Amino acid sequence: MIIAPSILSANFTRLGADIAKVETTGAQWLHIDVMDGHFVPNLTIGPPVVADIRKETKLFLDVHLMIEHPEALIPDFASAGADLITVHAETCPHLHRTIRMIKELGPRAGVAINPATPEDVLEYVINDLDLILVMSVNPGFGGQSFIEGSLDKIRRIKSRLEAAGSQAWLEVDGGINLETAARVMEAGCNVLVAGSYIFKASDPGGQIKALMNISAS
């Protein structure tokens, strides 16, 4: 199980310190939510911030583009040091082309789907993907409650990956805590994104270790 703390819930006045804290206490990835205020109702960071984060950490940078027209910025995020770039199926009319674009620039490629988006959109690209991200909340804000219907979707996508012989990661983002983490792991998830649960806690490292203990049990 890979734990990917989401910096959306970090304190941006001490972002470097918050990243260092989760890096030294067992996180393997850092999840970076990029929002444009159009596809989702929030505005976050751009490639320069990712480039600065890259200089400060050796963590795997998992960059999640919740933006319209991601093709315009994919080269900049690749140059900034993203290890994996995930786009939303809902924003990519030429999804296969976008996936190939990411890979040709160097990072690994992922596709995210919103809670109301059926997993059928993945059918013709599943063998091209390094990661599938199931949103278990509607994207745009941290601290939301887990959407129960996500569990069946995770199970169905896991079955599709197995049938395709794919080794792609299956990531879940939204409403993750100790209780929901155990359930999504059972359903087939192997990458957990957690924001508020980790960064809003008095002991972020303890929260990461608790998640890791669930995956080891």
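This short talk goes through a few local features of the structure above, starting with a strand and ending with a pocket.

What we have is a predicted model, in which local features need pLDDT of at least 70 and side-chain atom pairs count only at pLDDT 80 or more, while totals for chains, interfaces and linings use all residues. Residues are numbered from 1 along each chain as its sequence is written, and side-chain values use heavy atoms, with hydrogens and water left out.

Of the 6 residues of strand 5, 5 are buried, so the strand is largely enclosed by the rest of the structure; here buried means under 20% relative accessible area, exposed over 50%, and partly exposed in between, with a 1.4 Å probe and protein chains only. Strand 5 pairs with strand 4 (residues 84–88) in the parallel sense over 5 bridges, and 4 bridges join strand 5 to strand 6, again running parallel, where pairing requires that DSSP finds at least two bridges between the strands. Ala112 of strand 5 stands opposite His88, and in strand 6 the bridge partner of Ala112 is Leu133.

Turning to the helix, Thr98 lies in helix 4 (residues 95–105) and is buried, with a relative accessible area of 1%. Leaving aside neighbours within four places in sequence, Thr98 is in contact with Glu71, Ile74, Val87 and Cys92, contact meaning heavy atoms within 4.5 Å.

Now for two loop residues. His69, in the loop between strand 3 (60–66) and helix 3 (74–80), is exposed, with a relative accessible area of 58%. His69 has a positive phi of about 50° although it is not a glycine; most residues other than glycine have a negative phi.

Finally, the pocket. Which residues lie nearest the centre of the largest pocket? They are Gly142, Gly143, Gly174, Gly175 and Gly195, from a lining of 26 residues. On a 1 Å grid over the protein atoms alone, a pocket is an open set of points where a 1.4 Å probe fits, with protein on both sides within 12 Å along at least five of seven lines, and lining residues have an atom within 4 Å of a point. Strand 2 (29–35), strand 8 (191–194) and helix 7 (196–199) each supply at least two residues of that lining.
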